Amino acid sequence: MKFILSGVLWLLLFSFLPRLVRSQNPSRNNYSTELHGWAKDSSGVPLPGVSVTLGGVSKGTQTDKEGYFSLKAPAGSEVLHFSIIGYTSKAIRLTGSPEYTVRLFADTRQLSEVVVTDGYFTQAKKSYTGSAVTVNGAENENKPSAVPMVALQGEVAGLNISIPNGQPGADVTVRLRGLGSTALNSNPLYVVDGMIINSGTLSRLVQTSNVLAGINNDDIADITVLKDASATAIYGSRGSNGVIVITTKKGRTGKPQVELDAEFGRTNNIPLPAAGQPLNGPQFATLFVEGLNNNGTYTPAQVTTLANSYNIYGKYNNWQDLVHRNGSQQQYNVSVRGGNENTKLFASAGYFEQQATTLNSSLKRYTALFSIDQKISKRIGFTSELNVSNVYQPTPDGGAGDWANPIFASEILRPFQLAYNANGTLNSSSTGNLGFTAHYNPLWIATHDKYLLSQTRALGNTTLRWNIWDQLRFTSFVSIDYNVIEESKYNNPILGDGETTGGANYEYYTRYFNWLTRNQLDYRYTIGRERDFYVDAAVGYEAQKSSEFLLNASGTGFPQTQSSLTALANAATPTAASQSLSNYSFNSLYSRLSFNFRNLYSLSGSFRRDGSSVFGINERYGNFWSVGGAWNLDQEDFFKGLSSGSSLSSTKLRASYGTNGNAQGIGNYASQAQSSYGFNYTTGNGQDYNVVGNNNLTWESSNKFDAGTDIGFFGDRLTLTFDYYHDQIARLIQSVVISETTGFANVPFENSGAMVNRGEEISVKGIPIRTRNFTWTTSANIAFNHNEVTKLGNASGVNGNYYLQKGYNYYTYYTHLYAGVDPSNGTALWYTDATRKATTTTYASSALEPFKTATPKYFGGFSNSFNYKGIVLTADLYYNVGNYVLDYWSSRFYDGAYYTFNKYQREYWNRWTHAGQKTDVPKYIAGGGTQSTSNSYSSRFLYKGDFIRLKNVSLGYDLKNLR
């Protein structure tokens, strides 16, 4: 349910109603004529919110949702004015009639009033030379996501957002225009209200956290995604992967407006595909006995004895149902905004809670935002903002392959291992698993273990503005991003990972203090007397430092009968305690110069010199720059003739080229030779030189080219954007192998690699239907990306499961090629080489070959919103096509090597059972036997990653329509 009360709360509204009526309707004694009518667009569709005023009188009215207006005019009134943003204003002379209907036409020139904010500058969209997409916060504020990036998925062409797990508030993988680095962080740089923040997972125990989960979607005014060099070069050494600028809501001039928001929702788990569902009890029993018989080392009597000892014919569970539940989400927000010419205020408070569909997975968040914009004098003012949040996040233990993970447990546990004892209590037994004693009851773990994170954040800034004179402006900005993270992991002493130590507890404390200051001069020079020809110039200095403080302790041996006594003070044996400090700093000079002639031609250039503490002493400074241009053809005289009578309303051509760098995720001291203590000898403290330094280590560099066009049709009711980009990334930081005769076992970093990303992006957005009662708004985008490694240096030719070679996509799989099953005996086969002409039954004899990639060929989103008399239906889809996914753990759920694990339904229904059978699932043999390598890594476990996902659908009613 969503409801908005515009104005003030109802009680205050009724109190002020007479005053409001009087303010809009001056003394009736001065009026002699009542006027009324309608305002419509060029198609005859009513236009709500049009300002209607009388010539010579400052007060007036606005059209309602039907485009209707009514006001009283004093005697002698001659002109009626109509205006609304996005349409040409119109004035009509009063003829003595009481009724008037006016049609307003879309004004494409008013695109110059739409602005793009990149964190340093605010520029008119019409004159902007870069490639940037702005998503209005109102589009996502009602979507039930704990992290803003989740709501943004599928809304920006070229922005690929992957959600690795279902934990509310978890980190997401974000790639803008492809992979940006091979060893460093490839996520974009995040800027919140001008502050370059530490992003991603800052926690150390809970690996599913995300610092952006502290931002309330309802507090976001807009999110701008900066793509090309013209847009990102101002961020210099940190803009290579793109920049995402989040701007929160601010106060504005007008009467106080209070907004209340309440939302509720339910979440159901989508069943697994039939082929991937675990076996039920009878199916597992059949496969278990068959595997033992096929093993060839057990007599029929021994098979019967083993089957009975594992009770495979008794009661059984459906573990999928036991570890999952119905999820829910709810949030409540209240905000107030308003102000006058001198003071503008915005304040909000919010509560968000989400229960996932998995045991022990949830998130609670409290947020508060306060913003004040104060004018001190005619030329001096300041803005201050404070955003405070606390995120409390219980999560399941472990990753994808950890035994205590309830999702993993629900797939590996035999259906005959019962969750409950006969008396209804939880079963704490983990015995009888043929040596695999780590098969824990996830319900017991969820009840007695804890895995918690509490993250408190304060993000504040103050900007001082001084208009030295009309053309020269000085701003001074300071911001602090303060994060405190408290994590706790407790393993109970009865069952699970703490069983062998009598219980274990780990407590981690993490603190980040990140500050940034920026001083900037902006100057506008108007050439001659023509005010439409101007030059903007800016220069600034920026400094940033982030300090990290880490503290952790652990202990073992906890009371077995008191599950609440989990504090470290109750541990019998302290096992570890450590503390460390680290920091990084940046020092920067930047400048920008742009030319604009009547919004017809625009040129821009930027330059930044960055210094960073994280790189080698010989290479700590770097220069980054960009140039860009735009040509608005619709401002040309010849365009008016070409577009006359056609649907074409605007056309803009733009191109840019420049350089960026990347320094994210390298580590604060990666370039320095390091030694550490703790290598003790008897009672002496030992020191070890354990890291090879590189005094020449420096930024990765990216040379970016972008060319694009923005086209509008039907008065820009339909817009089309196309971009082509070519991003050449050089000096890739890679680990290189050195001889251990140097005395060092580790591999250092070097700038030794290169790769290319190139592709195309297409976006369409429009309003196909707009009538008096019905509006349909739609948008769609698609992006194509091609990645190619062009230089490797001394790096290894294999990177885990990937084929790291020149000329290939970085995420090309390197694997044995699976050839299926020999129909005569059920033995697994592999191809001997890439020609796929010959096969072998020996896994080691098959060749490793490059095969498919993990990179999608194209991806995008499709959104629709339908509004019928205030009833709003919204649906968002996201799709991904052309990549392959490695299901590493599926090797445990196929074949008999891990025959105590449960199996996939596909294994049961497709396994080889008789001579002549054609299938790709080998003969099932307990322990593997002759099939011991059939579950080894190969193309057998690579699956198409194509999907289309309905990520959000909502149906609501806007109560404003009741007015």
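Predicted model: local features only at pLDDT ≥ 70, side-chain atom pairs only at ≥ 80, totals over all residues.

User: How many helices and strands?
Analyst: The protein has 10 helices and 49 strands. These are DSSP runs: H or I of at least four residues for helices, E of at least two for strands, numbered from the N terminus.

User: What's the radius of gyration?
Analyst: The protein has 32 Å. A compact globule of 963 residues would be near 30 Å, so the value agrees. The radius is taken over C-alpha atoms, and the rule is 2.2 Å times the number of residues to the power 0.38.

User: And what box do the C-alpha atoms fill?
Analyst: Roughly 110 × 65 × 65 Å along the principal axes.

User: What share of residues is buried?
Analyst: Buried residues are 49% of the 963. Buried means under 20% relative accessible area (1.4 Å probe, protein chains only).

User: Switching topic. Which strands form the open sheet?
Analyst: Three strands, ordered β39-β40-β41, with antiparallel pairing. β39 (818-821) and β41 (839-840) are the edge strands, each pairing on one side only. Strands pair if DSSP finds at least two bridges between them.

User: How many bridges between β39 and β40?
Analyst: Three, with β40 covering residues 828-831.

User: What is the bridge partner of glycine 820?
Analyst: Leucine 829, in β40.

Key. Residues numbered from 1 in each chain as written. Heavy atoms only, no water. Buried < 20%, exposed > 50% of the residue type's maximum accessible area, 1.4 Å probe, protein only.
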